[in-house]
Amino acid sequence: MIKPDFMRRALQLAERGLYTTSPNPRVGCVIVNAAGEIIGEGWTQPAGQNHAEIQALNDAAARGHSVAGATVYVTLEPCAHFGRTPPCCDALIRAGVGHVVSAMSDPNPLVAGQGLARIAAAGIGVTENLLADEALALNRGFVQRMTQGRPLLRLKIAASLDGRTALANGESQWITGEAARADGHHWRARSCAILTGIGTVLADDPLLNVRAVETPRQPTKVIVDSQLRMPPGAAILRTPGCLIATTVQDAKQHAPLLAAGAEILVLPAHEGRVDLQALVAALAKRNFNEVHVEAGAILNGALLSAGCADELLVYLAPTLLGPSARAMLDFPALPHLAEASRWQIEDQRLFGTDLRLMLRRA
């Protein structure tokens, strides 16, 4: 009998790889014997290491259990291709398991149903789509990259109740409280890249790394800098993993930034600035699943106008800054209300006194 509670446990295990599995999806696996006992558990390790199914098989072996005839609950269809590791579907077949329950199919064209098909062809029972929505929530970026060729782009904005992100003089530390800022680092940590604009770098000189969350992996920092105004001594260049997206092709202008450890990505221009759709496509080619944006009103507005933003992560503080303060977004005025960008609230919760809203395009 298939029991959703075992898949819920597999989803809990998958969350343990929230900060570490990229570019691979976050996957958890539970192996259950005929008596209904969990005999093996695992979750996907960093890229190039074991997938969740192999971890669970190894765990069962380490506990001294046979998996012959057991039921395997896995949050994503077992892979069917050779990447950095062999196919997990073959490992399950060799182990002689009796049934495989998958939360969702793998959107990777190299798998896309082939893993479960091979398992079924070996005479092993297959059940699909158990808690599929919960599994998708863990891997929206991976799924989007595989199906649309673009990473999931999330705009993170901290603002007052009247939608202001800083005073007119630029003062913004801190609009939200410590709990909200710590939660923001969680979203940084789970992302493949943190994106900002040169305006933010010049105004704030941020480090733009993960500090409030323990993680073995720092996301790549991506700076949109059309005219290559980045100072070689900027704080953001003090740690490895900085990609500067620009329209400037002059190697002499690249040289000091390359010497400071940055990587330069030259992209086409659109209306005198970096073509943001070209940037998103380039990030997908680098196997980025989730891109977390912490930028100013100009870049935020440009990403929205270009149709590049998929989610809004908005922290609202119970304060009012007034009409002269800086806005959340800067984009052209709409001639008609019907043209307004529509978003759906997916989640809302308090962090200290601040309200966090998670929204997705309606």
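How many bridges join strand β1 to β2, and do the two run parallel or antiparallel? I count five bridges between β1 (residues 28-32) and β2, and the two strands run antiparallel. For the names I use DSSP runs numbered from the N terminus: helices are H or I with at least four residues, strands are E with at least two. Two strands pair if DSSP finds at least two bridges between them.

**Ground rules.** This is a predicted model, where local features need pLDDT of at least 70 and side-chain atom pairs count only at pLDDT 80 or more, while totals for chains, interfaces and linings use all residues. Residues are numbered from 1 along each chain as its sequence is written, and side-chain values use heavy atoms, with hydrogens and water left out.

**The β1-β2 hairpin.** I went through the partners next. Gly28 has Trp43 of β2 as its bridge partner, and Cys29 stands opposite Gly42 in β2. The two strands form a hairpin with five residues between them. In that turn I found Gly36 with a positive phi of about 80°.

My angles run from 0 to 180 degrees between N-to-C directions, and the axes are lines fitted to C-alpha atoms, for helices over the stretch in contact.

**α2 against α3.** I logged an angle and a distance here, because two packed helices are described by the angle between their axes and the distance between the axes. The axes of α2 (residues 52-62) and α3 (residues 88-95) come within 9 Å and cross at roughly 25°. That makes α2 roughly parallel to α3; angles under 35 degrees count as roughly parallel, over 145 as roughly antiparallel, 65 to 115 as roughly perpendicular and the rest as oblique. The crossing of α2 and α3 is left-handed, meaning the near helix is turned anticlockwise from the far one by less than a right angle (clockwise would be right-handed). On the α2 side the contact (heavy atoms within 4.5 Å) uses Glu53, Ile54 and Leu57. From α3 come Cys88, Ala91, Leu92 and Ala95. By class I have six nonpolar, no polar and one charged residues. For the classes, Ala, Val, Leu, Ile, Met, Phe, Trp, Tyr, Cys and Pro are nonpolar, Asp, Glu, Lys and Arg are charged, and the others, Gly among them, are polar.

**α3 against α4.** These helices pack at an angle of about 20°, with their axes 9 Å apart. That makes α3 roughly parallel to α4. Which hand does the crossing of α3 and α4 have, left or right? It is right-handed. Cys89, Asp90, Leu92 and Ile93 in α3 meet Gly115, Arg118 and Ile119 in α4. The residues of this contact divide into four nonpolar, one polar and two charged.

I found a cis peptide bond between Ser22 and Pro23, with omega about 10°. Pro23 is in the loop between α1 (4-15) and β1. The bond from Gln173 to Trp174 is also cis, with omega near -5°, and Trp174 is in the loop between β7 (164-166) and α7 (178-189). Ala112 has a positive phi of about 40° although it is not a glycine; I located Ala112 in the loop between β4 (99-102) and α4 (114-121).

**The nine-stranded sheet.** Last, I traced an open sheet of nine strands with mixed pairing, in the order β11-β10-β9-β8-β14-β6-β15-β18-β17. Its edge strands are β11 (263-266) and β17 (343-351). The twist averages 25° from one strand to the next. Five bridges join β8 (residues 193-197) to β9 (residues 220-224), which run parallel, and Ile194 stands opposite Lys221 in β9.
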